[in-house]
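Reader: I would like a careful walk through one part of this model, with the cut-offs behind each term spelled out. Please begin with a pair of strands and then follow the surroundings from there.

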Amino acid sequence: MQKTASPRPTRTVDAGLMASLAGLLREWLPRQRWFAGKDRPVTDLALLSMTELFPGCLHLLVHAGHSAVPSPGGAPPAGDCYQLLLGVRQHLSPRLGKALIGRAEEGPLAGLTVFDALQDPRSAQLLLDRLRHPGTAGPLRFEADPSVSLPAGLVPRLLDAEQSNSSLVYGDAFILKLFRRIQPGVNPDLELSGALARQGCGRVPAPVAWFRTMHPWEATLGVLQPFLRDASDGWTLALDALASGDDFTAQAHQLGMATAEVHLALASAFPSGAHAENGRTAAAMTERLELAAHFVPALQPHVPGLRTAFGTLAACDPGPPAQRIHGDLHLGQVLRAGREWFVIDFEGEPSRPLAERRGVHSPVRDIAGMLRSFDYAARQRRPWRPEWARRCREAYCAGYALRAGWDPRKKHGLLRAYETDRAVYEVLYEARHRPDWLPVPMAAIERLAVRGA
Ligand SMILES: Nc1ncnc2c1ncn2[C@@H]1O[C@H](COP(=O)(O)OP(=O)(O)O)[C@@H](O)[C@H]1O
Ligand SMILES: [Mg+2]
């Protein structure tokens, strides 16, 4: 990997900086789509790392704590570390009005305007330049695949999608995903897409450049990949098909095959585990259910029925061996370009600890995620079309079986338990982020609880 000295001076953590930023960020952070702590007040903000990436642009890692809120089971105080790129200027041009965070009143930035630098095309361009020239900036390490040459001058635009991270598209040629919630360690989105590309698996856009920090611990911060220009995501395609009354089973079948290809490539790239230990998995699922019911009272009446579904899992045949999986597979994580499906966003569920996300799991978990997604799509329009979802599920499983050599439909108990676990996750997610959507997973919960009982 080519390394050059940083072309710009960098500063290390400036303890006084939060005097300027804390008040502004306390207001701004909870309004961001990717901020996970919306349902809890931010009680403390701490600066973990600060690097002046280029003049007028600060790269920060900030810990947002919610310590006034008691953690269930006496767990450590709740909170998350976030990556921020802040611009600092005397005046912000009106064209950047939407990027405004506020005017600092105190501390070293007093009197200056602070804004979200990702919304500023000039800053976004300088960020790509950093990736084009591998090297270091303070604790940050910029790295690239030496076989790929990144052109200069690509015009950036910030993707305006419902995202848990932030993505910049450069000249419709590359997409840079900046992870927002940062945990120590390698992010599986880089780890798995890189490994799949090295396996020759054509189902993922291969990473071409990335950056990470070494302070306060090592962590992946962003990944640049080729942008699939004319792609549509599976969610949009499914909703279009539902709206026009079109069949989606051919696409679902191909998607099942694509999922199996990714699973096979992951199984070759990483050591697999023994057969999944269903007893331990069932115990973990039950624990997650109880935790979710603690936060979402609507779940409570269904707990006994759902517990039975997990009890059945403990007695099931072990199913396929545990292996590295996608971890958060649904229709929004697949793109169709031409006649091919691509799989993106291998980050796993960002709310789960990184060590767990980087562990081995049953591939049934991914399959259950996609099956739940067909159900979500079918519930977007009234009247609900359960037949549409059922046919997609069948086709998807048949496609999977064709490539994988085993049929998910023959693993009833496993599939039901993983679907239940996924629906419990969805309930918690929707309750926190999109309460209007809560009825969608709750309908599945009601169905699965009755079947479990
Ligand atoms: N390689 C790509 N080509 C085209 N669009 C992409 C690509 N990667 C991501 N996208 C778009 O960005 C969206 C969000 O990407 P994703 O990796 O799922 O981010 P997040 O972690 O925030 O969910 C996708 O739904 C898709 O629309
Ligand atoms: Mg995603």
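How many bridges join β15 to β16, and do the two run parallel or antiparallel?

Author: The model is predicted, so local features need pLDDT of at least 70 and side-chain atom pairs count only at pLDDT 80 or more, while totals for chains, interfaces and linings use all residues. Residues are numbered from 1 along each chain as its sequence is written, chains are lettered from A and ligands numbered from 1 in the order in which they are written, and side-chain values use heavy atoms, with hydrogens and water left out.

β15 and β16 run antiparallel and are joined by four bridges; strands are DSSP runs of E of at least two residues and helices runs of H or I of at least four, numbered from the N terminus, and two strands pair if DSSP finds at least two bridges between them. Within this pairing, Arg-336 has Trp-341 of β16 as its bridge partner. The two strands belong to an open, antiparallel sheet of three, in the order β14-β15-β16. Because β14 (232-233) and β16 are the edge strands, with a single partner strand each, one side of each has no neighbour in the sheet. Helix α5 (residues 249-269) lies across β15 and β16 and runs at about 45° to β16, where axes are lines fitted to C-alpha atoms, for helices over the stretch in contact, and angles run from 0 to 180 degrees between N-to-C directions.

Gln-333 sits in the loop between α7 (303-314) and β15 (334-337), and Asp-345, twelve residues away, in the loop between β16 (340-343) and α8 (354-357). Both Gln-333 and Asp-345 are buried, a word that stands for under 20% relative accessible area, against over 50% for exposed and partly exposed in between (1.4 Å probe, protein chains only).

A polar side-chain atom of Lys-177 is 2.8 Å from an oxygen atom of ligand 1. Nitrogen atoms of ligand 1 are approached by backbone N or O atoms, at 3.0 Å for Pro-226 and at 2.8 Å for Leu-228.

The loop between α7 and β15 also holds Gln-323, which is buried, with a relative accessible area of 9%. Its side chain reaches the backbone oxygen of His-263 at 3.0 Å, a polar contact, that is, a pair of N or O atoms within 3.5 Å; within protein, one must be able to donate a hydrogen and the other to accept it, and residues adjacent in sequence count only if both atoms are side-chain atoms. Leaving out residues up to four places away in sequence, Gln-323 touches (heavy atoms within 4.5 Å) residues including His-263, Leu-266, Gly-359 and Pro-363.

Helix α3 (residues 188-198) has nine of its eleven residues buried, so it is largely enclosed by the rest of the structure. Its buried residues pack against elements that include α5 and α8.
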